[in-house]
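Below are my entries, in the order I looked things up.

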Amino acid sequence: PPTRPPASPPPATSPAAPASPSTPSSPPTPSAPPLLCLNDIESCAFLSDGECDDGGAASLYVLCVYGHDCADCGSRSRFPPETPKPP
């Protein structure tokens, strides 16, 4: 009967790489507060008229609830900036 060829030796294994020192992870970055962006005709009669009317930054008028003229004003911070108090 035919003879089998000799078995090959198992492949050489490389030594395990040393564990890399763990670096301390940095604290998670705080997420930005959620934005307010509503197009609500009930609280903004001048919705989508091409002029920002919610009284926030770059607003031309204060005719709508803050954040409710998103089509014209864009997204707003959930918390409007405080208005300066008179001296």
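I looked up Cys44 and found it buried, at 0% relative accessibility. Buried means under 20% relative accessible area, exposed over 50%, and partly exposed in between (1.4 Å probe, protein chains only). I am working on a predicted model, where local features need pLDDT of at least 70, side-chain atom pairs count only at pLDDT 80 or more, and totals for chains, interfaces and linings use all residues. Residues are numbered from 1 along each chain as its sequence is written, and side-chain values use heavy atoms, with hydrogens and water left out.

Which residue does Cys44 form a disulfide with? I found Cys64, with the two sulfur atoms 1.9 Å apart. The rule for a disulfide is a pair of cysteine sulfur atoms within 2.5 Å. A disulfide is a covalent bond between the sulfur atoms of two cysteines.

I checked the torsion about the S-S bond of Cys44 and Cys64: it is 45°, and the link is right-handed. Both Cys44 and Cys64 lie in the loop between β1 and α1, so the pair ties together parts that are 20 residues apart in sequence. Helices (H or I, at least four residues) and strands (E, at least two) are DSSP runs, numbered from the N terminus. Cys64 is buried too, with a relative accessible area of 8%.

**Entry: the other disulfides**

How many disulfides does the rule give? I count three.

I took Cys37 and Cys70 next. Their disulfide has an S to S distance of 1.5 Å. The link of Cys37 and Cys70 is left-handed, with -70° about the S-S bond. The pair joins distant parts of the chain: Cys37 is in the loop between β1 (35-36) and α1 (70-73), while Cys70 is in helix α1, 33 residues apart. I also looked up their accessibility. Cys37 is partly exposed at 37%, whereas Cys70 is buried at 10%.

Then I turned to Cys52 and Cys73. Their disulfide has an S to S distance of 1.9 Å. The torsion about its S-S bond is about 110°, so this disulfide is right-handed. Cys52 sits in the loop between β1 and α1 and Cys73 in helix α1, distant parts of the chain that are 21 residues apart. Cys52 and Cys73 are both buried.

I wrote down the pairing last. With the bonded cysteines numbered in sequence order, it reads 1-5, 2-4, 3-6.

**Entry: charged side chains**

How many salt bridges does a search of the whole structure find? I found one. The cut-off is a side-chain nitrogen of Lys or Arg within 4 Å of a carboxyl oxygen of Asp or Glu.

Asp54 and Arg76 form that bridge, with their closest N and O atoms 2.9 Å apart. Asp54 is in the loop between β1 and α1 and Arg76 in strand β2 (residues 76-77), so the bridge ties together parts that are 22 residues apart in sequence. I find Asp54 buried at 3% relative accessible area. Arg76 is buried at 7%.

I looked at Asp69 as well, in the loop between β1 and α1. Asp69 is buried yet has no salt bridge. Its nearest side chain of opposite charge is Arg76, 7.6 Å away. For charge, Lys and Arg count as positive and Asp and Glu as negative; His and the chain ends are not counted.

What does Asp69 touch, not counting residues up to four places away in sequence? My list includes Cys44, Cys52, Cys64, Asp54 and Ser48. Contact here means heavy atoms within 4.5 Å.

**Entry: positive phi**

Most residues other than glycine have a negative phi. I noted two residues with positive values.

Ser48 has a phi near 55°. Ser48 is in the loop between β1 and α1 and is partly exposed, at 48% relative accessibility.

Ala58 has a phi of about 65°. Ala58 also lies in the loop between β1 and α1. Is Ala58 buried or exposed? I find it exposed, with a relative accessible area of 74%.

**Entry: confidence**

The protein's mean is 78, and 60% of its residues reach 70 or more. Among the elements, α1 has the highest mean pLDDT (94) and β1 the lowest (90).

Technical notes: pLDDT = per-residue confidence, 0-100.
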